[in-house]
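Please open the structure in the viewer and keep the selection tool at hand.

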Amino acid sequence: SLDTTALPEQAADNFILSVDVGTTSMKCHVYDKEAKIRGSCATKVVPLYPEVGHVEMDPDDLWKGFISVVKGAVQDAGVQMRQIEALGISTQRGTFTTWDRKTGVPFHNFISWQDQRTADLVKSWNRSCTMKAIHSVMKMVYFLTRQKRSLAASLIVFSTQHVTFRLVWALTHYKQVCGCVHATDYSNASATGIFDSYQMCWSGFLSSLVSLPLSIFPKMADQQAAMFGECCFDVGDVKITMGTGTFMDINTGSKPHTSVAGLYPIVGWKIGSEVVYLAEGNAADTGTAIRWAQKLELFSDVTETSAMAYSVSDSDGVCFVPSFSGLQAPLNDPKACASLMGLKPSTTKSHLVRAILESVAFRNKQLYETMLRETRIPITKIRVDGGVSSNDFVMQLTADLFGRKVARPQHNEMSCLGAAFVAGLGVGFWRSREELKKLQSTDTMFLPQGAAKEGAGSTSREYIPILQSWERALRRSMNWYKQP
(Lines give C-alpha, C1' and ligand atoms only; values in the text may rest on other atoms or scores of the structure.)
Protein backbone atom coordinates (compact mmCIF):
# COMPACT_ATOMS: atom_id res chain seq x y z
CA SER A 1 0.00 0.00 0.00
CA LEU A 2 1.07 3.60 -0.52
CA ASP A 3 0.83 6.70 1.68
CA THR A 4 0.95 9.91 -0.40
CA THR A 5 0.72 12.46 2.42
CA ALA A 6 3.41 14.96 3.46
CA LEU A 7 5.61 14.53 0.41
CA PRO A 8 8.41 16.94 -0.63
CA GLU A 9 8.46 19.05 -3.81
CA GLN A 10 10.13 17.36 -6.77
CA ALA A 11 12.59 18.82 -9.24
CA ALA A 12 11.18 19.50 -12.72
CA ASP A 13 13.88 17.45 -14.45
CA ASN A 14 13.24 14.25 -12.56
CA PHE A 15 11.49 11.27 -14.12
CA ILE A 16 9.61 8.06 -13.35
CA LEU A 17 10.82 4.74 -14.74
CA SER A 18 8.32 1.95 -15.33
CA VAL A 19 8.69 -1.64 -16.55
CA ASP A 20 5.87 -3.83 -17.86
CA VAL A 21 6.84 -7.51 -17.84
CA GLY A 22 4.36 -8.88 -20.39
CA THR A 23 3.66 -12.33 -21.79
CA THR A 24 5.43 -11.79 -25.13
CA SER A 25 7.43 -8.62 -24.55
CA MET A 26 9.04 -6.56 -21.81
CA LYS A 27 8.90 -2.77 -22.13
CA CYS A 28 10.42 0.05 -20.15
CA HIS A 29 9.45 3.73 -20.45
CA VAL A 30 10.80 6.91 -18.90
CA TYR A 31 7.94 9.32 -18.07
CA ASP A 32 8.14 13.07 -17.44
CA LYS A 33 5.85 15.22 -15.29
CA GLU A 34 3.24 15.41 -18.09
CA ALA A 35 3.23 11.59 -18.35
CA LYS A 36 4.88 11.85 -21.75
CA ILE A 37 7.29 9.10 -22.77
CA ARG A 38 10.82 10.50 -22.94
CA GLY A 39 12.66 7.24 -23.63
CA SER A 40 11.80 3.60 -24.29
CA CYS A 41 13.32 0.18 -24.72
CA ALA A 42 11.72 -3.21 -25.35
CA THR A 43 12.75 -6.82 -25.74
CA LYS A 44 10.92 -10.04 -26.57
CA VAL A 45 9.83 -12.54 -23.94
CA VAL A 46 10.14 -16.03 -25.39
CA PRO A 47 7.56 -18.54 -24.09
CA LEU A 48 8.64 -22.17 -23.77
CA TYR A 49 6.35 -25.14 -24.43
CA PRO A 50 8.09 -28.20 -22.91
CA GLU A 51 4.91 -30.32 -23.03
CA VAL A 52 1.37 -30.01 -24.34
CA GLY A 53 -0.44 -27.51 -22.14
CA HIS A 54 2.75 -26.33 -20.40
CA VAL A 55 3.77 -22.67 -20.85
CA GLU A 56 6.99 -21.48 -19.19
CA MET A 57 9.65 -18.74 -19.31
CA ASP A 58 13.35 -18.82 -18.50
CA PRO A 59 14.04 -16.78 -15.29
CA ASP A 60 17.61 -15.89 -16.32
CA ASP A 61 16.47 -14.63 -19.71
CA LEU A 62 13.73 -12.59 -18.04
CA TRP A 63 16.18 -10.99 -15.59
CA LYS A 64 18.70 -10.19 -18.32
CA GLY A 65 15.88 -8.67 -20.36
CA PHE A 66 14.81 -6.55 -17.37
CA ILE A 67 18.28 -5.10 -16.89
CA SER A 68 18.60 -4.51 -20.62
CA VAL A 69 15.35 -2.56 -21.04
CA VAL A 70 15.96 -0.42 -17.93
CA LYS A 71 19.40 0.63 -19.12
CA GLY A 72 18.17 1.05 -22.69
CA ALA A 73 15.22 3.29 -21.76
CA VAL A 74 17.33 5.57 -19.57
CA GLN A 75 19.92 5.85 -22.32
CA ASP A 76 17.22 6.51 -24.94
CA ALA A 77 15.81 9.33 -22.79
CA GLY A 78 19.24 10.93 -22.54
CA VAL A 79 19.01 11.21 -18.74
CA GLN A 80 21.07 10.01 -15.81
CA MET A 81 19.97 7.26 -13.43
CA ARG A 82 20.14 9.74 -10.54
CA GLN A 83 17.28 11.68 -12.18
CA ILE A 84 14.98 8.69 -11.82
CA GLU A 85 12.63 9.41 -8.93
CA ALA A 86 11.00 5.97 -8.67
CA LEU A 87 10.59 2.65 -10.45
CA GLY A 88 7.17 1.12 -11.08
CA ILE A 89 6.82 -2.54 -12.06
CA SER A 90 3.78 -4.13 -13.69
CA THR A 91 3.92 -7.91 -13.58
CA GLN A 92 2.27 -10.84 -15.34
CA ARG A 93 -0.38 -11.71 -12.81
CA GLY A 94 -0.50 -15.43 -12.10
CA THR A 95 2.98 -16.18 -13.49
CA PHE A 96 5.42 -17.37 -10.82
CA THR A 97 8.64 -19.14 -9.96
CA THR A 98 10.24 -20.35 -6.72
CA TRP A 99 13.88 -19.94 -5.71
CA ASP A 100 16.48 -20.52 -3.02
CA ARG A 101 16.31 -17.43 -0.78
CA LYS A 102 20.00 -17.83 0.15
CA THR A 103 21.47 -18.13 -3.34
CA GLY A 104 18.73 -16.48 -5.39
CA VAL A 105 18.84 -19.40 -7.86
CA PRO A 106 15.38 -20.41 -9.22
CA PHE A 107 14.30 -24.02 -8.77
CA HIS A 108 12.41 -24.05 -12.08
CA ASN A 109 11.23 -21.88 -14.96
CA PHE A 110 8.47 -19.34 -14.54
CA ILE A 111 5.12 -21.11 -14.94
CA SER A 112 2.89 -18.85 -17.03
CA TRP A 113 -0.66 -17.70 -16.31
CA GLN A 114 -1.59 -19.41 -19.61
CA ASP A 115 -0.33 -22.80 -18.41
CA GLN A 116 -2.89 -25.64 -18.43
CA ARG A 117 -0.95 -28.40 -16.62
CA THR A 118 -3.33 -28.40 -13.66
CA ALA A 119 -6.57 -28.56 -15.71
CA ASP A 120 -7.42 -32.06 -14.46
CA LEU A 121 -6.49 -31.21 -10.87
CA VAL A 122 -8.64 -28.08 -10.98
CA LYS A 123 -11.55 -30.04 -12.47
CA SER A 124 -11.29 -32.76 -9.80
CA TRP A 125 -11.21 -30.15 -7.01
CA ASN A 126 -14.23 -28.31 -8.38
CA ARG A 127 -16.12 -31.64 -8.45
CA SER A 128 -14.80 -32.88 -5.11
CA CYS A 129 -16.87 -33.64 -2.05
CA THR A 130 -14.89 -30.99 -0.17
CA MET A 131 -15.96 -28.23 -2.59
CA LYS A 132 -19.55 -29.48 -2.60
CA ALA A 133 -19.54 -29.37 1.20
CA ILE A 134 -18.08 -25.83 1.17
CA HIS A 135 -20.76 -24.68 -1.29
CA SER A 136 -23.58 -26.27 0.72
CA VAL A 137 -22.45 -24.93 4.09
CA MET A 138 -21.82 -21.42 2.78
CA LYS A 139 -25.20 -21.33 1.01
CA MET A 140 -26.79 -22.06 4.37
CA VAL A 141 -24.66 -19.39 6.07
CA TYR A 142 -25.65 -16.88 3.36
CA PHE A 143 -29.33 -17.80 3.80
CA LEU A 144 -29.03 -17.03 7.53
CA THR A 145 -26.73 -13.98 7.41
CA ARG A 146 -27.20 -12.50 3.89
CA GLN A 147 -23.48 -11.64 3.87
CA LYS A 148 -22.09 -11.38 0.35
CA ARG A 149 -18.84 -12.88 1.56
CA SER A 150 -20.73 -16.11 2.32
CA LEU A 151 -22.44 -16.00 -1.08
CA ALA A 152 -19.05 -15.65 -2.77
CA ALA A 153 -17.73 -18.65 -0.85
CA SER A 154 -20.79 -20.70 -1.89
CA LEU A 155 -20.05 -19.97 -5.56
CA ILE A 156 -16.25 -20.19 -5.66
CA VAL A 157 -14.88 -22.21 -8.57
CA PHE A 158 -11.17 -22.64 -9.22
CA SER A 159 -9.61 -22.17 -12.66
CA THR A 160 -6.23 -22.95 -14.19
CA GLN A 161 -5.46 -19.23 -14.20
CA HIS A 162 -5.47 -19.19 -10.41
CA VAL A 163 -1.86 -19.58 -9.37
CA THR A 164 -2.74 -21.80 -6.41
CA PHE A 165 -2.89 -25.19 -8.11
CA ARG A 166 0.17 -24.53 -10.28
CA LEU A 167 2.03 -23.70 -7.08
CA VAL A 168 0.79 -26.95 -5.54
CA TRP A 169 2.05 -28.72 -8.69
CA ALA A 170 5.49 -27.13 -8.21
CA LEU A 171 5.58 -28.14 -4.54
CA THR A 172 4.77 -31.72 -5.59
CA HIS A 173 7.21 -32.01 -8.50
CA TYR A 174 10.19 -30.04 -7.16
CA LYS A 175 11.10 -31.53 -3.78
CA GLN A 176 13.54 -28.72 -3.01
CA VAL A 177 10.60 -26.27 -2.97
CA CYS A 178 9.71 -26.54 0.72
CA GLY A 179 9.25 -22.76 1.08
CA CYS A 180 8.49 -20.75 4.15
CA VAL A 181 6.66 -17.87 2.47
CA HIS A 182 4.72 -17.18 -0.73
CA ALA A 183 5.33 -13.45 -1.20
CA THR A 184 3.14 -11.23 -3.37
CA ASP A 185 1.04 -8.02 -3.25
CA TYR A 186 -2.69 -7.30 -2.89
CA SER A 187 -3.38 -6.91 -6.62
CA ASN A 188 -1.70 -10.24 -7.42
CA ALA A 189 -2.92 -12.00 -4.27
CA SER A 190 -6.57 -11.27 -5.05
CA ALA A 191 -6.34 -13.33 -8.26
CA THR A 192 -4.94 -16.50 -6.67
CA GLY A 193 -8.29 -18.04 -5.73
CA ILE A 194 -7.50 -18.22 -2.00
CA PHE A 195 -7.48 -14.51 -1.07
CA ASP A 196 -10.47 -13.19 0.85
CA SER A 197 -11.17 -9.86 -0.88
CA TYR A 198 -13.89 -9.09 1.64
CA GLN A 199 -11.49 -9.25 4.60
CA MET A 200 -8.33 -8.21 2.67
CA CYS A 201 -6.40 -11.26 3.88
CA TRP A 202 -5.67 -14.84 2.89
CA SER A 203 -8.54 -17.23 3.44
CA GLY A 204 -7.27 -19.34 6.32
CA PHE A 205 -9.50 -22.25 5.36
CA LEU A 206 -8.67 -22.30 1.63
CA SER A 207 -4.97 -21.74 2.33
CA SER A 208 -4.99 -24.71 4.67
CA LEU A 209 -6.42 -26.91 1.91
CA VAL A 210 -3.27 -26.41 -0.16
CA SER A 211 -0.88 -25.89 2.79
CA LEU A 212 0.63 -22.58 1.68
CA PRO A 213 2.22 -20.04 4.08
CA LEU A 214 1.60 -16.59 2.57
CA SER A 215 2.63 -12.95 2.91
CA ILE A 216 1.89 -9.62 1.18
CA PHE A 217 4.53 -7.32 -0.36
CA PRO A 218 4.09 -4.27 -2.63
CA LYS A 219 4.17 -4.10 -6.45
CA MET A 220 1.32 -4.10 -9.01
CA ALA A 221 -0.31 -6.68 -11.26
CA ASP A 222 -0.64 -5.83 -14.94
CA GLN A 223 -4.44 -5.49 -15.27
CA GLN A 224 -4.83 -3.39 -12.15
CA ALA A 225 -1.93 -1.25 -13.37
CA ALA A 226 -3.67 -0.78 -16.74
CA MET A 227 -6.88 0.22 -14.93
CA PHE A 228 -4.94 2.83 -12.97
CA GLY A 229 -3.16 4.02 -16.13
CA GLU A 230 -6.53 4.53 -17.84
CA CYS A 231 -7.60 6.66 -14.82
CA CYS A 232 -10.62 4.41 -14.23
CA PHE A 233 -10.95 5.69 -10.69
CA ASP A 234 -14.76 5.95 -10.49
CA VAL A 235 -17.43 3.30 -9.96
CA GLY A 236 -18.68 2.08 -13.35
CA ASP A 237 -15.46 2.89 -15.23
CA VAL A 238 -14.50 0.02 -17.56
CA LYS A 239 -11.18 -0.74 -19.21
CA ILE A 240 -10.47 -3.48 -21.74
CA THR A 241 -6.86 -4.56 -22.22
CA MET A 242 -6.33 -6.55 -25.41
CA GLY A 243 -2.86 -8.01 -25.53
CA THR A 244 -1.94 -11.70 -25.43
CA GLY A 245 -5.32 -12.10 -23.76
CA THR A 246 -8.30 -9.80 -23.21
CA PHE A 247 -8.98 -8.55 -19.68
CA MET A 248 -12.14 -6.56 -19.00
CA ASP A 249 -12.39 -4.81 -15.65
CA ILE A 250 -15.07 -2.65 -14.05
CA ASN A 251 -14.53 -0.46 -11.00
CA THR A 252 -16.95 -1.69 -8.31
CA GLY A 253 -15.81 0.83 -5.70
CA SER A 254 -15.27 -0.04 -2.05
CA LYS A 255 -17.05 -3.41 -2.24
CA PRO A 256 -15.93 -6.62 -4.01
CA HIS A 257 -18.36 -8.13 -6.53
CA THR A 258 -19.89 -11.56 -5.98
CA SER A 259 -20.05 -13.50 -9.27
CA VAL A 260 -21.96 -16.55 -10.49
CA ALA A 261 -20.56 -16.74 -14.05
CA GLY A 262 -16.82 -16.41 -13.60
CA LEU A 263 -16.19 -12.69 -13.15
CA TYR A 264 -13.56 -12.43 -10.48
CA PRO A 265 -13.54 -9.94 -7.58
CA ILE A 266 -10.03 -8.54 -7.30
CA VAL A 267 -8.30 -5.74 -5.44
CA GLY A 268 -7.59 -2.90 -7.86
CA TRP A 269 -5.28 -0.94 -5.60
CA LYS A 270 -4.75 0.05 -1.99
CA ILE A 271 -3.51 3.60 -1.43
CA GLY A 272 -3.32 4.60 2.21
CA SER A 273 -6.44 3.20 3.86
CA GLU A 274 -8.54 3.27 0.67
CA VAL A 275 -9.18 -0.03 -1.12
CA VAL A 276 -10.71 -0.08 -4.60
CA TYR A 277 -12.15 -3.31 -6.00
CA LEU A 278 -12.64 -4.49 -9.56
CA ALA A 279 -14.68 -7.25 -11.18
CA GLU A 280 -12.80 -8.94 -14.02
CA GLY A 281 -13.51 -11.32 -16.87
CA ASN A 282 -10.95 -12.48 -19.39
CA ALA A 283 -10.35 -14.31 -22.66
CA ALA A 284 -6.89 -15.88 -22.80
CA ASP A 285 -6.08 -16.02 -26.51
CA THR A 286 -6.57 -12.64 -28.19
CA GLY A 287 -3.09 -11.72 -29.39
CA THR A 288 -2.22 -15.42 -29.40
CA ALA A 289 -4.79 -16.05 -32.16
CA ILE A 290 -3.51 -13.16 -34.27
CA ARG A 291 0.13 -14.27 -33.94
CA TRP A 292 -0.93 -17.81 -34.87
CA ALA A 293 -2.57 -16.48 -38.04
CA GLN A 294 0.62 -14.59 -38.85
CA LYS A 295 2.70 -17.76 -38.47
CA LEU A 296 0.36 -19.42 -40.98
CA GLU A 297 1.21 -16.53 -43.33
CA LEU A 298 -2.37 -15.30 -43.60
CA PHE A 299 -0.68 -11.88 -43.52
CA SER A 300 2.87 -10.60 -43.21
CA ASP A 301 2.33 -7.50 -41.07
CA VAL A 302 -0.29 -7.27 -38.31
CA THR A 303 -1.10 -3.71 -39.42
CA GLU A 304 -2.59 -5.18 -42.62
CA THR A 305 -5.31 -7.12 -40.82
CA SER A 306 -7.85 -4.33 -40.36
CA ALA A 307 -7.76 -3.45 -44.08
CA MET A 308 -7.99 -7.15 -44.99
CA ALA A 309 -11.09 -7.56 -42.83
CA TYR A 310 -12.73 -4.48 -44.37
CA SER A 311 -11.88 -5.69 -47.90
CA VAL A 312 -14.66 -8.32 -47.69
CA SER A 313 -18.28 -7.72 -46.70
CA ASP A 314 -18.36 -10.66 -44.27
CA SER A 315 -16.40 -13.78 -43.26
CA ASP A 316 -18.17 -15.95 -45.88
CA GLY A 317 -19.75 -17.93 -43.06
CA VAL A 318 -16.42 -18.80 -41.41
CA CYS A 319 -16.35 -18.85 -37.59
CA PHE A 320 -13.17 -18.91 -35.51
CA VAL A 321 -13.13 -19.96 -31.86
CA PRO A 322 -10.08 -18.41 -30.07
CA SER A 323 -9.55 -20.98 -27.33
CA PHE A 324 -5.96 -22.26 -27.50
CA SER A 325 -5.99 -22.06 -23.68
CA GLY A 326 -9.58 -23.12 -23.15
CA LEU A 327 -12.56 -20.81 -22.64
CA GLN A 328 -12.85 -18.46 -19.69
CA ALA A 329 -15.87 -16.49 -18.40
CA PRO A 330 -18.75 -16.93 -18.84
CA LEU A 331 -18.34 -20.50 -20.22
CA ASN A 332 -15.34 -21.55 -18.09
CA ASP A 333 -14.24 -24.63 -20.03
CA PRO A 334 -10.49 -25.41 -19.85
CA LYS A 335 -11.03 -28.41 -22.19
CA ALA A 336 -12.35 -26.33 -25.12
CA CYS A 337 -10.34 -26.31 -28.36
CA ALA A 338 -9.56 -23.60 -30.89
CA SER A 339 -11.36 -24.17 -34.17
CA LEU A 340 -12.23 -22.84 -37.62
CA MET A 341 -15.69 -23.81 -38.87
CA GLY A 342 -17.65 -23.11 -42.03
CA LEU A 343 -14.73 -23.31 -44.48
CA LYS A 344 -15.63 -23.38 -48.18
CA PRO A 345 -13.77 -23.45 -51.51
CA SER A 346 -14.63 -19.74 -51.77
CA THR A 347 -12.93 -18.90 -48.45
CA THR A 348 -9.97 -16.51 -48.87
CA LYS A 349 -7.26 -15.27 -46.52
CA SER A 350 -9.27 -12.08 -46.00
CA HIS A 351 -12.30 -14.11 -44.90
CA LEU A 352 -10.14 -16.03 -42.40
CA VAL A 353 -8.58 -12.85 -41.04
CA ARG A 354 -11.99 -11.23 -40.67
CA ALA A 355 -13.31 -14.31 -38.82
CA ILE A 356 -10.35 -14.20 -36.42
CA LEU A 357 -10.78 -10.47 -35.72
CA GLU A 358 -14.53 -10.90 -35.33
CA SER A 359 -13.94 -13.60 -32.71
CA VAL A 360 -11.97 -11.10 -30.61
CA ALA A 361 -14.88 -8.65 -30.67
CA PHE A 362 -17.39 -11.44 -30.04
CA ARG A 363 -15.53 -12.50 -26.89
CA ASN A 364 -15.53 -8.82 -25.84
CA LYS A 365 -19.32 -8.83 -26.28
CA GLN A 366 -19.66 -11.98 -24.15
CA LEU A 367 -17.60 -10.51 -21.32
CA TYR A 368 -19.40 -7.15 -21.52
CA GLU A 369 -22.87 -8.71 -21.34
CA THR A 370 -21.76 -10.87 -18.41
CA MET A 371 -20.43 -7.78 -16.65
CA LEU A 372 -23.67 -5.83 -17.19
CA ARG A 373 -25.85 -8.75 -16.10
CA GLU A 374 -23.86 -9.57 -12.98
CA THR A 375 -22.73 -6.23 -11.55
CA ARG A 376 -25.78 -4.13 -12.51
CA ILE A 377 -23.52 -1.11 -12.25
CA PRO A 378 -24.23 1.70 -14.77
CA ILE A 379 -21.25 2.00 -17.14
CA THR A 380 -19.70 5.47 -17.01
CA LYS A 381 -16.95 5.09 -19.62
CA ILE A 382 -15.14 2.39 -21.61
CA ARG A 383 -11.44 2.74 -22.42
CA VAL A 384 -9.26 0.24 -24.27
CA ASP A 385 -5.53 -0.45 -24.41
CA GLY A 386 -3.08 -3.19 -25.37
CA GLY A 387 -1.55 -4.00 -28.74
CA VAL A 388 -4.71 -5.45 -30.31
CA SER A 389 -6.62 -2.23 -29.51
CA SER A 390 -4.68 -0.55 -32.34
CA ASN A 391 -6.79 -2.61 -34.79
CA ASP A 392 -9.56 -0.30 -36.04
CA PHE A 393 -11.77 -3.18 -37.27
CA VAL A 394 -11.80 -4.85 -33.85
CA MET A 395 -12.45 -1.56 -32.08
CA GLN A 396 -15.28 -0.44 -34.37
CA LEU A 397 -16.98 -3.84 -34.20
CA THR A 398 -16.63 -3.83 -30.40
CA ALA A 399 -18.33 -0.41 -30.24
CA ASP A 400 -21.08 -1.66 -32.59
CA LEU A 401 -21.68 -4.81 -30.54
CA PHE A 402 -21.70 -2.86 -27.25
CA GLY A 403 -23.86 -0.07 -28.68
CA ARG A 404 -21.60 2.36 -26.78
CA LYS A 405 -18.69 4.63 -27.55
CA VAL A 406 -15.24 3.24 -26.83
CA ALA A 407 -12.19 5.44 -26.23
CA ARG A 408 -8.64 4.50 -27.27
CA PRO A 409 -5.69 6.45 -25.82
CA GLN A 410 -2.74 7.74 -27.83
CA HIS A 411 -0.46 5.18 -26.21
CA ASN A 412 -1.77 1.66 -25.64
CA GLU A 413 0.72 0.54 -22.98
CA MET A 414 -1.40 1.37 -19.96
CA SER A 415 0.08 -1.25 -17.62
CA CYS A 416 3.40 0.55 -17.80
CA LEU A 417 1.79 3.98 -17.30
CA GLY A 418 -0.32 2.73 -14.40
CA ALA A 419 2.71 1.34 -12.58
CA ALA A 420 4.44 4.69 -13.20
CA PHE A 421 1.43 6.59 -11.80
CA VAL A 422 1.36 4.49 -8.62
CA ALA A 423 5.12 4.82 -8.14
CA GLY A 424 4.95 8.56 -8.86
CA LEU A 425 2.15 9.12 -6.35
CA GLY A 426 4.18 7.21 -3.78
CA VAL A 427 7.12 9.62 -3.97
CA GLY A 428 5.13 12.81 -4.59
CA PHE A 429 6.10 13.14 -8.27
CA TRP A 430 2.36 13.51 -8.88
CA ARG A 431 0.08 14.78 -6.12
CA SER A 432 -3.34 13.32 -6.73
CA ARG A 433 -5.52 11.24 -9.02
CA GLU A 434 -7.25 14.43 -10.19
CA GLU A 435 -3.87 15.59 -11.49
CA LEU A 436 -3.45 12.27 -13.29
CA LYS A 437 -6.87 12.62 -14.98
CA LYS A 438 -5.75 15.92 -16.50
CA LEU A 439 -2.79 14.13 -18.10
CA GLN A 440 -5.07 11.62 -19.84
CA SER A 441 -5.28 11.71 -23.64
CA THR A 442 -7.63 10.08 -26.16
CA ASP A 443 -6.51 9.33 -29.69
CA THR A 444 -9.69 7.89 -31.21
CA MET A 445 -13.31 7.65 -30.10
CA PHE A 446 -15.18 4.77 -31.74
CA LEU A 447 -18.92 5.48 -31.97
CA PRO A 448 -21.39 2.64 -32.51
CA GLN A 449 -22.73 2.66 -36.06
CA GLY A 450 -26.51 2.41 -36.27
CA ALA A 451 -26.96 3.19 -32.57
CA ALA A 452 -29.28 6.11 -33.37
CA LYS A 453 -31.71 3.75 -35.15
CA GLU A 454 -31.55 0.83 -32.76
CA GLY A 455 -31.04 2.63 -29.48
CA ALA A 456 -27.95 3.15 -27.31
CA GLY A 457 -26.62 -0.04 -25.81
CA SER A 458 -28.10 -2.28 -28.51
CA THR A 459 -26.10 -4.59 -30.78
CA SER A 460 -25.88 -3.72 -34.48
CA ARG A 461 -28.77 -5.72 -36.02
CA GLU A 462 -26.78 -7.03 -38.99
CA TYR A 463 -24.42 -8.89 -36.65
CA ILE A 464 -27.03 -10.76 -34.61
CA PRO A 465 -27.22 -13.85 -36.92
CA ILE A 466 -23.41 -13.87 -37.34
CA LEU A 467 -22.98 -13.76 -33.57
CA GLN A 468 -25.48 -16.61 -33.19
CA SER A 469 -23.54 -18.77 -35.70
CA TRP A 470 -20.31 -18.06 -33.81
CA GLU A 471 -21.93 -19.04 -30.51
CA ARG A 472 -22.98 -22.35 -32.12
CA ALA A 473 -19.35 -22.93 -33.17
CA LEU A 474 -18.30 -22.08 -29.63
CA ARG A 475 -20.53 -24.75 -28.14
CA ARG A 476 -19.19 -27.36 -30.57
CA SER A 477 -15.62 -26.55 -29.48
CA MET A 478 -16.36 -27.10 -25.81
CA ASN A 479 -15.13 -30.13 -23.85
CA TRP A 480 -13.04 -31.24 -26.86
CA TYR A 481 -10.07 -32.47 -24.85
CA LYS A 482 -12.07 -34.54 -22.39
CA GLN A 483 -10.45 -37.77 -21.31
CA PRO A 484 -12.05 -40.96 -22.74
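Select V21 together with M26 of strand 2, which is the bridge partner of V21. The model shown is predicted; local features require pLDDT of at least 70, side-chain atom pairs count only at pLDDT 80 or more, and totals for chains, interfaces and linings use all residues. Residues are numbered from 1 along each chain as its sequence is written, and side-chain values use heavy atoms, with hydrogens and water left out.

**The sheet**

Strands here are DSSP runs of E with at least two residues, helices are runs of H or I with at least four, and both are numbered from the N terminus; two strands pair if DSSP finds at least two bridges between them. A hairpin of 3 residues joins strand 1 to strand 2.

Next, select V30 in strand 2, where L17 stands opposite. In strand 3, the bridge partner of V30 is G39. Strand 3 (residues 37–44) pairs with strand 2 in the antiparallel sense, over 7 bridges. These two strands form a hairpin with 5 residues between them, and A35 in the turn has a positive phi of about 65°.

Now colour strand 2 (residues 25–31) by accessibility: 5 of its 7 residues are buried, where buried means under 20% relative accessible area, exposed over 50%, and partly exposed in between, with a 1.4 Å probe and protein chains only.

Show the whole sheet, an open one of 5 strands in the order 3-2-1-5-11 with mixed pairing. Strand 3 and strand 11 (220–221) stand at the edges with a single partner strand each, so one side of each is left without a neighbour in the sheet. Contact means heavy atoms within 4.5 Å.

**Helix 11 and two partners**

Select helix 9 (residues 286–295) and helix 11, whose axes come within 10 Å and cross at roughly 175°. Helix 9 and helix 11 are therefore roughly antiparallel to each other; angles under 35 degrees count as roughly parallel, over 145 as roughly antiparallel, 65 to 115 as roughly perpendicular and the rest as oblique. Display T286, A289, I290, W292 and A293 of helix 9, which meet I356, L357 and V360 of helix 11.

Then turn to helix 11 (residues 349–375) and helix 12 (residues 392–402), whose axes come within 9 Å and cross at roughly 40°. That angle makes helix 11 oblique to helix 12. Among the residues in this contact are R354, L357 and Y368 of helix 11, and F393, L397 and F402 of helix 12.

**The whole chain**

Finally, zoom out to the protein chain, which has 16 helices and 20 strands. Of its 484 residues, 55% are buried.

Technical notes
Axes are lines fitted to C-alpha atoms, for helices over the stretch in contact, and angles run from 0 to 180 degrees between N-to-C directions.
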